[in-house]
Amino acid sequence: MKQEFWLQAWEENNIGFHQSETNPLLLKYETHYFKRAKRVLVPLCGKSLDLLYLKDICQEVVGVEISKKAMQDFIDENNLKAIRSTRGPYECYQIDNLTLLCGDFFELSSFLEKSNQKPFDLIYDRASNVALPPEMRTLYYEHMKKLLSDEGQIFLVGLYQDVDLSFGPPFSISNEELFNGYGEHFQISELETNEYKANGRFKDAGIKKLKRTVYSIEMKKGP
């Protein structure tokens, strides 16, 4: 899934993936995960309202998005005032403790290193992993490892269906892939799994059921 696909989707307002309200999972897991985090990353953030929620409960939030239109829509629709600047390969929008970086997500680890910035305590992956096709996800997993602090966690919302794994976005990701992707040094815990009937594009593709699983991914402790 090349950058041009997502840029075109935003330009044509083909954004059925966008949620018009805060994700209920943030409220459900706020105390245990999000309020404890000082520095939070939201990859492929779009114009998600989750950014505002995280901004209010976390010390620092960084969102990364390739589409400038998505970021401008987020600012305009929420009546925000942003200070614009250029930081390395990114066009930056600063809104108090919320930093929006417009550019290639896969350049983020080298940008942090060059600018002497710390890795993240928490990565909130609601829609980025499932947005990428299989051929890009191996690189994605390796990149995510570089962005996470030694004591950090990834809060991941995954999707699975066993009819057509090539169908997407959002793409289906199995437990096996996640375990292979994050490797032997990470502990992956399933927090909850919910099964529901498919509709829309999924139903039209012959997919009857979807499973949504919430994961906690963190570095294994001990020797």
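## Two terms to start with

A residue is buried when its relative accessible area is under 20%, exposed when over 50%, and partly exposed in between, using a 1.4 Å probe and protein chains only. Helices (H or I, at least four residues) and strands (E, at least two) are DSSP runs, numbered from the N terminus.

This is a predicted model, in which local features need pLDDT of at least 70 and side-chain atom pairs count only at pLDDT 80 or more, while totals for chains, interfaces and linings use all residues. Residues are numbered from 1 along each chain as its sequence is written, and side-chain values use heavy atoms, leaving out hydrogens and water.

## The whole protein

Let's look at the overall picture. The protein has nine helices and nine strands, and 47% of its 223 residues count as buried. Its C-alpha trace spans about 50 × 45 × 30 Å along the principal axes.

Now find strand 7 (148-160). Ten of its 13 residues are buried, so strand 7 is largely enclosed by the rest of the structure.

Two strands pair if DSSP finds at least two bridges between them. Strand 7 runs parallel to strand 6, joined by five bridges, and Y124 stands opposite F155 of strand 7. With strand 9 (residues 209-219), strand 7 runs antiparallel through eight bridges; here L159 has R212 as its bridge partner.

## Helix 7

Helix 7 covers residues 134-147. Its buried residues are R137, Y140, Y141, H143, M144 and L147.

Technical notes
The expected span of a helix is 1.5 Å times one less than its number of residues. Contact means heavy atoms within 4.5 Å.
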